[in-house]
Amino acid sequence: MSSRLPGLLPQLPHYLNRPRLNKDALEVTRMYKSLKPMVAFHGEGLTFCLTGTIPTLYNDTTYHIPIKIWLGKSFPRSYPEVFVTPTSIMFLAPNHKAVDRSGRVYHPYISAWNPETSTIAELVIQLGATFCRDPPVFDRNATNTANARNSARRPSSGHNASG
C-alpha cells in the first residue's frame with residue numbers, strides 16, 4: 001500500500017469520486033510496487049497521477065517501462081491518460097502502434113473504458129501484455145535502429161529487473 005495516498009486525497013476536493021480513485025490507486029500500487037501516487041499540475045489543474053514503471057518480459061528478461069497514468073477530476077467517468085516517459089538513456093520507438101511521438105498511449109482498453117467495470121490495475125496488466133510484444137522504448141546505446149528493433153529493443157540494462 002502506498003503510504004502517500006491518504007495524504008494526497010485531501011488535495012483533491014474537486015474530484016467527483018475520491019472513494020473510487022482511492023480504491024483503484026490502492027489496488028494498483030499493491031500489485032505494482034514501482035507505481036507511486038502523486039499530485040501535480042496537468043491539463044485541468046491539480047491532477048492525480050501514478051508514476052513509475054511497468055515490468056515487461058521481453059526476450060526472457062524483465063524490463064521496466066516508465067509511465068505516468070493521469071486520472072482527471074471526473075475519474076472514473078473519464079478515462080485515464082497514459083504516457084510512456086523515457087528516461088535520458090531511452091527514446092520512444094518510432095511508429096509504435098500504441099504510443100505516439102509524445103509518449104501518449106493509445107490502447108483498446110483505454111478506448112473501451114467503462115467507468116463501472118474498468119480498473120487501473122487491469123489497464124496496467126493490459127499495457128504490460130502489449131509492451132512485452134512490442135516494447136515502446138529503445139536503449140539509446142543500441143548501435144542502430146534496425147538492430148535495436150530486431151534484437152535489442154528494450155530499456156537500458158540499468159532498468160533491468162534485477163533491482
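The following dialogue examines a predicted model of a protein.

Residues are numbered from 1 along each chain as its sequence is written, and side-chain values use heavy atoms, leaving out hydrogens and water. In this predicted model, local features need pLDDT of at least 70 and side-chain atom pairs count only at pLDDT 80 or more, while totals for chains, interfaces and linings use all residues.

Student: In what order do the elements of the protein run from the N terminus on?

Tutor: Helices (H or I, at least four residues) and strands (E, at least two) are DSSP runs, numbered from the N terminus. The secondary structure comes to five helices and six strands. From the N terminus on, the order of the elements is α-α-β-β-β-β-β-α-α-β-α.

Student: Does R20 count as buried or exposed?

Tutor: R20 lies in helix 2, which covers residues 18-31. Buried means under 20% relative accessible area, exposed over 50%, and partly exposed in between (1.4 Å probe, protein chains only). The relative accessibility of R20 is 13%, so R20 counts as buried.

Student: Which backbone oxygen does the side chain of R20 reach?

Tutor: Contact means heavy atoms within 4.5 Å. Not counting residues up to four places away in sequence, R20 touches F75, P76, W113, P115, S118 and T119. A polar contact is a pair of N or O atoms within 3.5 Å; within protein, one must be able to donate a hydrogen and the other to accept it, and residues adjacent in sequence count only if both atoms are side-chain atoms. At 2.6 Å, the side chain of R20 reaches the backbone oxygen of P115.

Student: Which residue has a side-chain oxygen that reaches the backbone nitrogen of R20?

Tutor: This contact is found at the start of helix 2. The side-chain oxygen comes to within 3.0 Å of the backbone nitrogen of R20, and it belongs to N17.

Student: What is the angle between the planes of F91 and F138?

Tutor: Rings of Phe, Tyr and Trp (its six-membered ring) pair if their centres lie within 6.5 Å; planes under 30 degrees apart count as stacked, over 60 as edge-to-face and the rest as tilted. A search of the whole structure finds three aromatic pairs. One of them is the tilted pair of F91 and F138, at 4.9 Å centre to centre. The angle between their planes is 55°.

Student: How many residues apart are F91 and F138?

Tutor: F91 belongs to strand 5 (residues 90-92) and F138 to strand 6 (residues 137-139). F91 is partly exposed because its relative accessibility is 25%, whereas F138 is buried at 0%. The pair links distant parts of the chain, 47 residues apart.

Student: Which residues form one aromatic cluster?

Tutor: Y109 and W113 form an edge-to-face pair, with 6.0 Å centre to centre and 85° between the planes. Both Y109 and W113 are buried. The aromatic cluster consists of F75, Y109 and W113.

Student: In strand 3, what is the bridge partner of F48?

Tutor: Two strands pair if DSSP finds at least two bridges between them. Strand 2 and strand 3 pair in the antiparallel sense over 11 bridges. In strand 3, the partner of F48 is L71.
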